[in-house]
Amino acid sequence: MVEAVKYTPEHKADWDAFVAGSKNGTFLLHRAYMAYHADRFTDHSLLFYRKNRLIALLPANEAGQQVQSHGGLTYGGIISDSRMKTPVMLEVFEAMLACFREQGFRKIIYKTIPPIYHQLPAGEDLYALFRHGATLYRRDASSVIDLAQPALYDRQRRWEVKKARQAAVQVVVSEDYNRFMQLEQELLQAKYGKQPVHTAAEVTLLASRFPQNIKLYIATKGEAMLAGVLLYETATVAHCQYMGATAAGKASGALDVLIDHLLTVVYPHKKYFNFGISTEDQGKYLNEGLIRNKESYGARTVVHDFYEIAL
């Protein structure tokens, strides 16, 4: 039998060690990352034991009568290691559902971990979701480049890269998170009337906690920051968490030469380069202009699914 145990701070070391050795966990699922916004979420994460051995984790929070896995993270379904097998995952789900039912919850919102982040096949939870009648209620479209394949830039992208090189635009690593996030805030506010999910202070904090995973690359000319990309690095993916360019940067092709540098110089050893999603309204609206721009670099779609389980 599998036993579900609610997370407490005493479990931190075991939790982080399991994530580090898992087949589908990333640094976002370490407790030090989850802790940066802990004041906004009531944690209800679970650890699963079988024969006194930790076999799986569920990052989760409670929100009224529902459980979310996890409301403050991009993804966060069941984390498992290479020993996880499908019959055992069915036992994990039985323990999870029983635990949440006993505590009076009515619904689970389950965010899957996209397969590009898996270091080994990890679809056991998808089968368990099907077996328990989970409903797919949201599907986001992420634009991803398979870095093992030749670059598929369209003509305009090739021209912009060439233009930026001729203009002597330089690409460097930076720790100027404040200036970059100010640029990002101005761009999002002007285009969408929105604020970035993270503040400059939060990005700075997270980068200090995960310096090997969170990196900022910028395109400059002289003292001017023309464009930037804040990246989240995992074992298999370089993910664009934020990217943007000033008006001068757009005119000079700065973002294009920056992305080309990331793809060809910084991250060719990764499996995937992920530009992120271009969908809104629970996946029902596709921003065609946004995804067209990402696909002009050769990116193609990988979906990220969200499920609802009635209890």
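The model is predicted, so local features need pLDDT of at least 70 and side-chain atom pairs count only at pLDDT 80 or more, while totals for chains, interfaces and linings use all residues. Residues are numbered from 1 along each chain as its sequence is written, and side-chain values use heavy atoms, with hydrogens and water left out.

**Whole chain**

Start with everything shown as a cartoon. The chain has ten helices and 17 strands (DSSP runs numbered from the N terminus: H or I of at least four residues for helices, E of at least two for strands). The radius of gyration is 21 Å, close to the 19 Å that the globule rule gives for 311 residues, so the chain is as compact as a globular protein of that length (taken over C-alpha atoms; the rule is 2.2 Å times the number of residues to the power 0.38). Of the 311 residues, 52% count as buried (under 20% relative accessible area, with exposed over 50% and partly exposed in between, for a 1.4 Å probe and protein chains only).

**Core**

Select Tyr33, Leu57, Phe180, Ile214 and Leu230. These have the most contacts inside the largest nonpolar core, which has 38 residues (buried Ala, Val, Leu, Ile, Met, Phe, Trp, Tyr and Cys joined through side-chain atoms within 4.5 Å). Helix H6, residues 177–192, gives the most to this core, with four residues. Next, centre on Leu57. Not counting residues up to four places away in sequence, Leu57 touches Trp15, Phe18, Val19, Leu46, Leu47, Phe48, Gly77, Ile78 and Ile79 (heavy atoms within 4.5 Å).

**Pocket**

Now select Ile145, Asp146, Gln149, Pro150 and Ala151. Among the 16 residues that line the second largest pocket, these lie nearest its centre (on a 1 Å grid over the protein atoms alone, an open set of points where a 1.4 Å probe fits, with protein on both sides within 12 Å along at least five of seven lines; lining residues have an atom within 4 Å of a point). Strand S9 (135–146), helix H9 (254–266) and strand S17 (300–310) each give two or more residues to that lining. S9 gives the most, with three.

**Strand S9**

Stay on S9 and pick Ser143, which lies in this strand. Ser143 is buried, at a relative accessible area of 0%. Its contacts beyond four places in sequence include Phe273, Phe275, Ile291 and Arg300.

**Loop**

Finish at Pro121, in the loop between strand S8 (107–111) and helix H4 (124–131). Pro121 counts as exposed, with 70% relative accessibility. A C-alpha to C-alpha distance from Pro121 to Lys107 gives 27 Å, for 14 residues of sequence separation.
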